[in-house]
Amino acid sequence: MVGRMCVAVLIVLLLVATAGADPNGAETLKENPELPVDFVWALICGFLVMFMQAGFAMLEAGFSRAKNVANVMMKNLMDFAVGSLAFFAVGFALMMGADWQGIAGTTGWFLAGESYDVSTIELWFFMLVFAATAATIVSGSIAERPKFSVYLVYSAVVSAVIYPIYGHWLWGGGWLSSSEFMVKLGGGYGALDFAGSGVVHALGGYIALAAVMLLGPRLGKYDSDGNPRAIPGHNLAFAVIGTFILWFGWFGFNAGSTLSAHELRVSIIASNTNLAAAAGAVTAMAITWLRNGKPDVGMTCNGAVAGLVAITAPCAWVQPWSSVVIGTIAGFIATYGYWWLEKRGLDDVVGAIPVHGFSGTWGLIALGIFADGSYGLYATESPLVTGLLYGNWGFFIVQLISAIVNFAWAFGTGFALFWILKKVIGIRVSPEEEMLGLDIAEHAAVAYPNFVCTETELPLAMKQGGGR
Amino acid sequence: MVGRMCVAVLIVLLLVATAGADPNGAETLKENPELPVDFVWALICGFLVMFMQAGFAMLEAGFSRAKNVANVMMKNLMDFAVGSLAFFAVGFALMMGADWQGIAGTTGWFLAGESYDVSTIELWFFMLVFAATAATIVSGSIAERPKFSVYLVYSAVVSAVIYPIYGHWLWGGGWLSSSEFMVKLGGGYGALDFAGSGVVHALGGYIALAAVMLLGPRLGKYDSDGNPRAIPGHNLAFAVIGTFILWFGWFGFNAGSTLSAHELRVSIIASNTNLAAAAGAVTAMAITWLRNGKPDVGMTCNGAVAGLVAITAPCAWVQPWSSVVIGTIAGFIATYGYWWLEKRGLDDVVGAIPVHGFSGTWGLIALGIFADGSYGLYATESPLVTGLLYGNWGFFIVQLISAIVNFAWAFGTGFALFWILKKVIGIRVSPEEEMLGLDIAEHAAVAYPNFVCTETELPLAMKQGGGR
Amino acid sequence: MVGRMCVAVLIVLLLVATAGADPNGAETLKENPELPVDFVWALICGFLVMFMQAGFAMLEAGFSRAKNVANVMMKNLMDFAVGSLAFFAVGFALMMGADWQGIAGTTGWFLAGESYDVSTIELWFFMLVFAATAATIVSGSIAERPKFSVYLVYSAVVSAVIYPIYGHWLWGGGWLSSSEFMVKLGGGYGALDFAGSGVVHALGGYIALAAVMLLGPRLGKYDSDGNPRAIPGHNLAFAVIGTFILWFGWFGFNAGSTLSAHELRVSIIASNTNLAAAAGAVTAMAITWLRNGKPDVGMTCNGAVAGLVAITAPCAWVQPWSSVVIGTIAGFIATYGYWWLEKRGLDDVVGAIPVHGFSGTWGLIALGIFADGSYGLYATESPLVTGLLYGNWGFFIVQLISAIVNFAWAFGTGFALFWILKKVIGIRVSPEEEMLGLDIAEHAAVAYPNFVCTETELPLAMKQGGGR
């Protein structure tokens, strides 16, 4: 009976757009005639961020073997589809709804009632594509061995609960950004993260860390002595094109986060984003060249993405030269971070833990160092944000706290989720299925039926540097 | 003599921009200082729609065999190139020129004279990329067996005549949208189709139906008992990346159709578009999972595209929850529609008939059901559009009529065109050429000369579910 | 000691944003409230141009053999990364800084001091992605045999010096566009190049000519009698998708060059761009169909790109019909230009010399012929630009001079650079490395380790027309 009541209430709610909301747009435009250009900016940048799903899919497919490519593609397509529905039903309300105790939002379920409004739904769209990015990061680390059903459950939970709640703490008026303690300590503002080094990337990276620990490495990744062996991805062209698509979409990711074209700072945000990516790529290329004798293509891609991840938090508040510094350090993190994990038995197929986790944390901290006081809280007015290099110790501490909480929440909830799934339904396919490949095992498909494929021997006996 | 006269008149017309037109832009800006943001919105959305050509090409190539990929790519490149020139010369004038009897337009040939104007040509660009989409839909259904020359003729005719005339009836002030009878029946407005479920997608889908009937199935598609056999596409990664590109471009397709950034409804249009695609993908995945035991990658892609097609007509006039319903039903249409056709000997390689034809018709009808009265005729003012669920039976009937006319015009002209071509020059390559592959037969090319290809045996003897 | 002083000055300069600059954006907005839509237009078009890097990478990879694909991708990724840092440090200042003698700019090093400003950095971002395009053109011509280290040095020098200095002469207030002599001869304006047929494309094309001459042809490209042999690219699907991405990005390349959405001429620029590309593709397809009996896919792609290159200089100043003429002639140039070079022992793997060099020169000249007087100098006001067909002989001569200077500067500096590199470190890998493939030789990588690859014999003994 109660079930039917709920459905009835929901239908009435859905059918009727309530008074306060403006689904038509005329009222909203009358109140703010300047809005059209802000809608154009936020929506087109949101479209660019959505397109990053294709970039993540190509990067992961490029680093995976041919026998798992259809599965990789299906994971990246369905974490966006499932995530969209989960964020529509529950996630957005928890993240951006009316605040409860600084913990979570409480309004906007199913975008019904008050939320059936042109401005609210513009915000929904922009926040959705960020949620999807956080979700898809994990896919790359755990590639080639998880059950597809487990991945779907994970996608729903991360988009409905894990991401939105942490997102509320930073962007929804929650305690990390707005509690008295944090604001006071920061010197006028609490924890900040302009476009999501922590909220999106480190969150995804540390959930990936938990999942990789519980899943275990791929068959054949380590020899009998525990030494790592290279399992080359099937398509380096895909990996680089995926990196280009991410770099292209990331301009929307960072500069779009003003949600307003009236913040002309967007030009500096876009340029800082590019400089950090360039520095990360050049640094990773140089490190692998010096260490292995040849510039490694896969690691250079990861250097570029790590630069993009690291600049995401500070992009609006730092100068171009410091973006180069932030990207350079991210290049070190992407390479040495990967080798450090690999030596400890953690088989992260695409390197998402160092690239998104560690570099995301570095982004939060870099903001606390390099913010130069030329820009405010998503606005040109004061308070203007300064970091350690410009005399603001308090904000540096705030950012350290934010980074720790970010790790604790992401790793904690990620570990709990995958641990429960492991206990209840098992998270890994059988060894036979893993050897056969997830395309056949999980989808009765072959990604490249017309190409004669091989996996056992590399066509040319060669030592693959860089653990890629 | 007359020929030379025509050329002379044309040259004079082309050389001289007539008085009324504003090719410079200064006058147009003076009359409406708000236009720049509308031009930015319409043009960038138009660029996104153009990029969907790459999405259609990758989806079709992914579902075709390696020996036909260069031909698939060439068809998708040249239907846009040939279509651009045909729409420049004749198509735009027939579609958007000064109306004659509600049937066709009569001005704007070669964008000369009055049409050499910043606003007219902005409209031309936006309408061109829609025409190209309608044309390229057919390519996927008839893949792997048509003559390339026939495909070029088809591309010119559909972009010059078939699409523009039907487009005039809906978007050019023609009888379906503006005749007294239809407006009265609809309760203040005639047939509507916000971004082209019918004008673009069902039109393409039903021309494809006619072509597939006249072409016949591929060699080997049916066994001696007439049972369908799976012919797996050569590259599922291409198919999914193509789907991502379509999903990304479709935001421009639907939200751009306001042609104005001052319609803040664009945020709801973009979000409805995303929700319908997500629902279509999840539904198709679930159906194939339940029916075949494994979630089918190809069908899941088609479910997403069917959701996008179906929401294209109603996207501006419905609520988010109904977008989920519309997309869910499209997921059923994409899957069961494909199997229904396949059982009846219709070999639609990519499934464009159910995905664009049947789902396009469903989109027109869904508009007549779910329009909730919160938005008007491409404007915030009245009349506000309502459907069956909100009490407007008349408009529901209008949409049914529109759907029937849409099918009759598309299937009728499509059948006539391919029938004539079949009689005059033959529309299919020889069996030997089909077996050799169209890359070599039609282009003296091999798409992947460095990969050892196979077609007879699937590398791993396996039963391919889902009739893909 | 002096070294440390310089570093100290640089640090102070970087740390402190000087008085005149507006890194915040509030002042700039107050002075010009209309700017947001211009920033949106310039930045999003700049993002589209950046994405063309992926298009160039896929086109080059498609025309290269599988054993060199990782190297092709790495070149296209790193010329953008290295180019970004070089243009940040030196290039932008030389190109757009305060003019010295019409030769070069002198302010804006490292975007420090006065240049840490929202408008200056918006210009930086737009100019950067153009510099990157010029740099990456050379990569395609010299594919499959250069040392990767040489390519990095070339990338830095072209982005830091060669491109910026020539760019200053056209777009930075230098002598070609602004010297009294040229302005007087042109009838009110010096040399023009709306979006870079010469500044970007012909510059890249003629540096490529010099590099190809000094590198020599690939092993096996010519038989013992000096007759050219086809070396088919490994992936025609990549080549066509790359062409689609270029075509899509080129709308940003040309229409974005108004740097202002208030120039409503942008709609005509976008449409002219599309018509020229379509005409180039159709022409090249027809030429190869008539000459070889089959429409050649690779040449058709080059016809489209040649059309885009040729319309880039005149796009804002010509009518739609003349865009079709300009694109048609470019189609002839792309095909016959390629065969002409090939017969003379010049092995241009992707055909960049005819497509970007010769067609870029044709674009400069076409501007001097077809400019119809309906638009001014990046503005609607007078002087309005007219060409030969509309009575302005002087401007036609100016454009001829510009084309000659463009060739002399590009070929001269390109030849000097590669000649020095040849002498100092050698520009070509060893024959053994070339046969093994640059992926293994330069990057210890295999692009497709899971695909069984072959190179000696084409899978199907066939004659490859079109010298691709």
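**Ground rules**

I number residues from 1 along each chain as its sequence is written, and chains are lettered from A in the order in which they are written. The model is predicted, so I note that local features need pLDDT of at least 70, side-chain atom pairs count only at pLDDT 80 or more, and totals for chains, interfaces and linings use all residues, while side-chain values use heavy atoms, with hydrogens and water left out.

**Entry 1: chain B against chain C**

I looked up contacts, meaning heavy atoms within 4.5 Å. I found 62 residues of chain B in contact with 71 residues of chain C.

Next came the buried area, which is the accessible area (1.4 Å probe) that two parts lose on being put together, summed over both. For chain B and chain C I read about 5,800 Å². Carbon and sulfur atoms give 80% of that area.

I checked for salt bridges (a side-chain nitrogen of Lys or Arg within 4 Å of a carboxyl oxygen of Asp or Glu). The count between chain B and chain C is 0.

I then checked polar contacts. These are pairs of N or O atoms within 3.5 Å; within protein, one must be able to donate a hydrogen and the other to accept it, and residues adjacent in sequence count only if both atoms are side-chain atoms. I noted 14 residue pairs in polar contact between chain B and chain C, both at pLDDT 80 or more.

Which helix gives the most to the side of chain B that touches chain C? It is α3(B), with 15 residues. Helices here are DSSP runs (H or I, at least four residues), as are strands (E, at least two), numbered from the N terminus.

I sorted that side of chain B by class: 50 nonpolar, 9 polar and 3 charged residues. Ala, Val, Leu, Ile, Met, Phe, Trp, Tyr, Cys and Pro count as nonpolar, Asp, Glu, Lys and Arg as charged, and the others, Gly among them, as polar.

**Entry 2: how the copies are related**

I superposed chain B on chain C by a rotation of 120 degrees with 0.0 Å of shift along its axis (RMSD 0.0 Å). The two copies are thus related as by a three-fold rotation axis.

**Entry 3: chain A against chain B**

Here 63 residues of chain A are in contact with 71 residues of chain B. The buried area is about 5,800 Å², with 79% from carbon and sulfur atoms. L77(A), N450(A) and F451(A) supply 12% of the area that chain A buries against chain B, more than any other three residues.

**Entry 4: loop residues**

I found S260(C) in the loop between α10 (236-255) and α11 (266-292) of chain C. Is S260(C) buried or exposed? At 13% relative accessibility, S260(C) counts as buried. Buried means under 20% relative accessible area, exposed over 50%, partly exposed in between (1.4 Å probe, protein chains only). A polar atom of its side chain lies 2.9 Å from the backbone nitrogen of H262(C).

P383(A) lies in the loop between β3 (372-376) and β4 (384-386).

F110(A) has phi near 55 degrees, a positive value in a residue other than glycine. I list F110(A) as partly exposed, at 28% relative accessibility.

How values were computed
Copies are superposed by least squares on the C-alpha atoms of residues with pLDDT of at least 70 in both.
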